[in-house]
Structures are given as structure tokens and as C-alpha cells.
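Good morning, colleagues. Please look at the structure on the screen while I go through its computed contacts.

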Amino acid sequence: MSQSSDPRQPSAARPFKPPAVLPQDLPVDYSGFIAVVFGVAGVMFRYKLSSWLAIIFSVQSFANMKNMENDLKQISMGMMFAIMGLVTNYFGPNRPAPQK
Amino acid sequence: MARPPRPLSSPSRFLSLLFLLSLLIIYLSTASVLADSHFEGFDADEDDEAVDSVDSLHFSSLRSPPVTQSESPPATAKPTLSEDESAASDPTLPRTSEHLATPPDLSKSSSEGFDYWDEDEFEGVPIVEKQQQQPSEPFKATEDVTGPQDSAGHVSAPTKRSYTIEIVCGSFLIIFVINYFTGKRENENIALAWAAKFATKDSILEKNFSLLGVGEGDDSPLLLKEGQNVFKFYASGRRYCQGLLATMELKSRHDLISRIYNMIVPCKDEISFEVYMNDDAMDNVIFAMAKKKAAKGMQKELMDLQRFAGLLPPPGGRKWVAEEFSVIAESKEVAGDMITEAVLDQVFGEKAIEKFGKGFMSMHFSDQHPGTHSKMLLFKFTLPGVNNMADMTRLVALIPYYIDHVGRYKLSPQARSKTEAARTKAAQEAFKELQNARHEALQKRKAERKKLMEEAEAKLSAEALRKKEAKERARQMKKAMPKMKMTRGH
């Protein structure tokens, strides 16, 4: 596989243009969705484990965030749900807890 | 001295709650008891539970000092067994009765000059609790004994709340965070190792392309990080092609849940190359090669392969690729021209495949590629480990070889005529589709406009309606008029 001449053509070089991805084409953020589901369930049913799982999944969704600007809103929404669930569970009027 | 019972007014309840909350926080941090203030909030049921749990906390931590130290300074609380009444002594009493019993305890305690809340409150109970707690020493250990008690909802002894869920989830989160950073670094190391081997000075890609990297100018960064496991590399400036984009999709090492999932469902680090060929450099070639199962999937899913090409059986009488691969092409001739001797010897032949072709996943050349750019060469390989990047050398060397090969390749006249026919047909169909789509869009817009008009009409009153109808009729007449005039002219 030897080249007879230098294959490079500096004149033909084009700078990199990142391909634009439409927001609807983005892969579905499953962990963010699950985080919201668990968060809502934890708030409604006062189930602590559900709130904790919501936090875990929202952290996973945050870790998998690819594009800072686009995804941050959705992920922070999921996180807010999860944290709200935890706070309600722990500091709510019925069950104040010593820890957290 | 009897303590006057407090009326349960909501502001005072809220205040007491707040008070209690802040106190709990202080308790947790210092693990000491502020006796008097604690008891002020002891009002309603909800305080009771918290108080109990806090007390249980303190009981365990204060368990070791012997019980007989009744003469303790005010700051610390010790349970005393010897004293006092058995009003609340029955450990199986439900909480409410305990609660009820405690005001009298309070009164008694204050009467006796003892300000220590916990001594009297858990008077009879400490016997049971002490026996329970002493064997299970440190409080931090998850108490499954009290777990069922808690879940039953009815607590005989002051509750030892089981913190299983908190501890498990908290530790999972901590491990997650640690794994995020280590996984991130691992992925970055793999990407950098690849770039160091194939994209830096005197490497094969550097010898083939004049512009490397994703930025502007000479000092541009080589890799673009698009997420903790996706890295992109760009090169441009070569004959026959406009550029090359390599995308590394690594395992999600930074995400603990994905990592656990990948232990069950195996996954590999992949690198895929897209070469954008010049319009004049590529003839009508549609060709793909992959492992048998993957090839079948490709042929069914990818539009251009589905429409133009088909799975080819290995031709007899000439050297061909190893058994595990299958070839998809428009004709045997094209396939034979793409799989050259050199390639067979170096990578794909029976002998070479073991040593050099292990990482090969698929390759796909197409001049009818759906998407932004039509003429493309696509390669997919698996990435070897960080220290074995050199194993990929021959695979990466395939890329410039094929760029030149496809760039120079010209179909024979018969083959070209066949391919031309197929392509023109496809182009016509595509054009018709476009026209249909445009027509439909137009129709939709007309229908929408009509609907809007009708809605607006419905809102108007009857008079205005009549006026409008008159106008419409006039307009229609006008439209019809010129035609008549023209015919008369003739």
C-alpha cells in the first residue's frame, strides 16, 4: 500500500463543521424520564425508596449529558422532582426524620 | 408542680416543629442533649415520633455508661431504672398511651427536681430497650431487628429507625460519583492512546491528510469530546475525498448503571470512519462487507443496500474473504473489484484474518447514501485496549488504500449501464415522492385556510354574512367574466 506521491492536498482541506443535530433527533433520555417517574411516585405515595431512586437516575442522566445547553433543562427538571420528593418525604408534616 | 397543658394551636405547633427541626440538626452534629428546650416542643403526635427517634439515637450512643449514674450533670441524660413510677412501664403500650403518660411523668419529674426529659419519659421502657440495644452496639449498623418493627407501623420500644435505604442509596451515589471520574479518565486515555498512535506526527493519518483536528489552524485539538464516551476526530486535505470523520463510541465507563448493565449484555468499544468522497471521484459503487449476521441486518435495514444490492455467495475459483464474512454488492464484478488481492493478503484472507482482521466489523461503500452526503465510505472497527492500539494498524491502513482505490476505480461499460438503469429509476421515484409531498403540503395549506375562513365566517353576524356572500358572488362573477369576454372577442 505505497503511494506514488504525497496524497495530501492542502488546497482541498476543509475545516471541520460539526454536523447539526435537530433536537427531535436526539436519542431519548431514558434515565431522565425514569427519574421523573420515580420522583413523582415518591412524592405522591410518600415512598422513600422511590425518591432515592429518582435521585440516582437523575444523577445518571446528568452524567450522560452530551450537550450542555440542550439537555440541562430537562435534566434539571428531573432533578428538581427527585429532590422535591426527598424533601417532602423527610421534612414533610407527617414524618420528620432525624437524619438528612 | 403540674405543668399546664398547652393548647394545640397551629401557630404554636408550627413554631414547635421548626424549633424541633433545628434542634434535631444540632443533636445530630453534637450528639448532646439540651434538655429543657427539647421538651418545650413536646406537644403533638408528630413531635412524639421525632422525639422518640432522637431519644433512641441518644440511648444507643449513651448506652455504655452504666445506668446507675443517676446523679449526672444536667447536660447528659441517663436513664434511671430504680426510680419512679411504672405508669408507662409496660413496654408493649402503644405510643399514644406512652405519650399520655408522659405529662404526668413530666409533672412528677419536675416535682422531683429532675429536669431530664428522657429519664422519666422512657421509664419502664429502658429495661427492654437496654437489653435490646446492648447486644447491637454501634448505632450505625443497619438494624434489621427493628426493621420489621418499623414496618409494622407499631412500635413497642422507642423506634430504632432502620436507615438501610439511606445507607444503601447514599453509598451507591458515592460509588457512582467515584466511578464517574475514574471511568471518564479511562475513556479519555483510550481516546488519547488511539490519537497518539494514528493521528500525531509521522502517523498514517498524518501522512495522508494535510489538516488534522477539529479546530482552526495548526494548533487545533485533535479530538472533540461529545460526551464522556463519544470522541470525534476529523481530517481533511487529500485527493479524492473531502474529509474523514472518525467517531469513537466507547463503553459508558463513567456511568455505573450502564457499567453493570454491560456486564450482563456485553458491549465493545467501537470506532467508525466516514470518508466523504468527491463527486467526481466515485463511480457507481454500492458495496458492503461484514460478519454474516451483521451483513444480513445491514442488507435489510440500510436503504441503499436494500434497493440496489443483494447478498452475494462467495464465488468459486478465486481467493475470497474468510468464511465468517459475507459480501453485499450489486454484481459479482464490483465485489471482485473491491476485494483485491492486496487486501486479501493483508487483512481479510484466511491466514491474515486471525492476526490482523480481528477488530474488523463492517465496511460499506455507497454513492447513494441517504443523508447529507451521498458518496461515502464507511468503516467500522472495534477498538483494542489502551496498550494494544498497534493491533489496529492494518485496519486503519485500509482506509487510505480504499480511498485511492475507489477514487481511481472505473466501472466496465456493462456494469455501468446496469447500475445507471437502477439509479435513474430510483432517482425518478425519489422525484415523484418529492412532488407528492409538495402537493400534499399545498393541499393541507389550502384546507387550513378554508377552515380559518369558515371559522371567521361563523363568528360574524348574519348581516355581515350576507354581505360577505354578496362579495363572494361578485368576485366569482368577475372571475368568470373575462373568459366570456375572451370568447366573444374571438
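Predicted model: local features only at pLDDT ≥ 70, side-chain atom pairs only at ≥ 80, totals over all residues.

Residues are numbered from 1 along each chain as its sequence is written, chains are lettered from A and ligands numbered from 1 in the order in which they are written, and side-chain values use heavy atoms, with hydrogens and water left out.

Let me turn to chain A. Its secondary structure comes to 3 helices and 0 strands, in the order α-α-α from the N terminus. Helices (H or I, at least four residues) and strands (E, at least two) are DSSP runs, numbered from the N terminus. Of the 100 residues in chain A, 35% are buried. Here buried means under 20% relative accessible area, exposed over 50%, and partly exposed in between, with a 1.4 Å probe and protein chains only. Contact means heavy atoms within 4.5 Å. Among the contacts in chain A with a separation of 6 or more, 58% are between residues 24 or more positions apart. Chain A exposes about 6300 Å², and carbon and sulfur atoms supply 65% of that area. Accessible areas come from the Shrake-Rupley method with a 1.4 Å probe; for residues, only the protein chains shown count as cover.

Next, the interior. In soluble globular proteins, nonpolar side chains tend to be buried together. A nonpolar core is a set of buried Ala, Val, Leu, Ile, Met, Phe, Trp, Tyr and Cys residues joined through side-chain atoms within 4.5 Å. The largest such core has 63 residues, and those with the most contacts inside it include W194(B), F287(B), F348(B) and F379(B). Which element gives this core its largest share? It is helix 16 (residues 393–408) of chain B, with 8 residues. A second, separate core of 14 residues includes I56(A), A63(A), Y90(A) and L173(B).

Leaving aside neighbours within four places in sequence, F379(B) is in contact with several residues, among them I271(B), F273(B), M363(B), I399(B) and Y402(B).

M363(B) brings us to strand 9 of chain B. M363(B) is buried, at 0% relative accessible area. In sequence, M363(B) and L378(B) are 15 residues apart, yet their C-alpha atoms are 5.5 Å apart in space. Beyond four places in sequence, M363(B) touches residues including F287(B), M289(B), F348(B) and L378(B).

S366(B) is found in strand 9 (residues 360–366) of chain B. Is S366(B) buried or exposed? S366(B) is buried, with a relative accessible area of 0%. Its side chain makes a polar contact of 2.6 Å with the side chain of D304(B). A polar contact is a pair of N or O atoms within 3.5 Å; within protein, one must be able to donate a hydrogen and the other to accept it, and residues adjacent in sequence count only if both atoms are side-chain atoms.

I now come to charged pairs. A salt bridge is a side-chain nitrogen of Lys or Arg within 4 Å of a carboxyl oxygen of Asp or Glu. A search of the whole structure finds 20 of them over all chains. One joins the side chains of E186(B) and R253(B), at 3.4 Å, N to O. E186(B) lies in helix 8 (residues 164–198) of chain B and R253(B) in the loop between strand 4 and helix 10, so the pair ties together parts 67 residues apart in sequence. E186(B) is partly exposed at 34%, whereas R253(B) is buried at 11%. R253(B) also has a side-chain polar contact of 2.8 Å with N187(B). Salt bridges that share partners join E186(B), R253(B), R259(B) and D269(B) into one network.

Another salt bridge pairs D404(B) with R238(B), at 2.9 Å, N to O. The two are 166 residues apart, with D404(B) in helix 16 and R238(B) in the loop between strand 3 (230–236) and strand 4 of chain B. D404(B) is buried at 2% relative accessibility, and R238(B) is buried at 0%.

Finally, the surface. Y261(B), M263(B), I264(B) and V265(B) make a nonpolar patch of about 480 Å². Patches are made of residues with over 30% relative accessible area and no salt bridge: like charges are joined within 9 Å, nonpolar side chains (Val, Leu, Ile, Met, Phe, Trp, Tyr) within 5 Å. Y261(B) sits in helix 10 (residues 256–264) of chain B.
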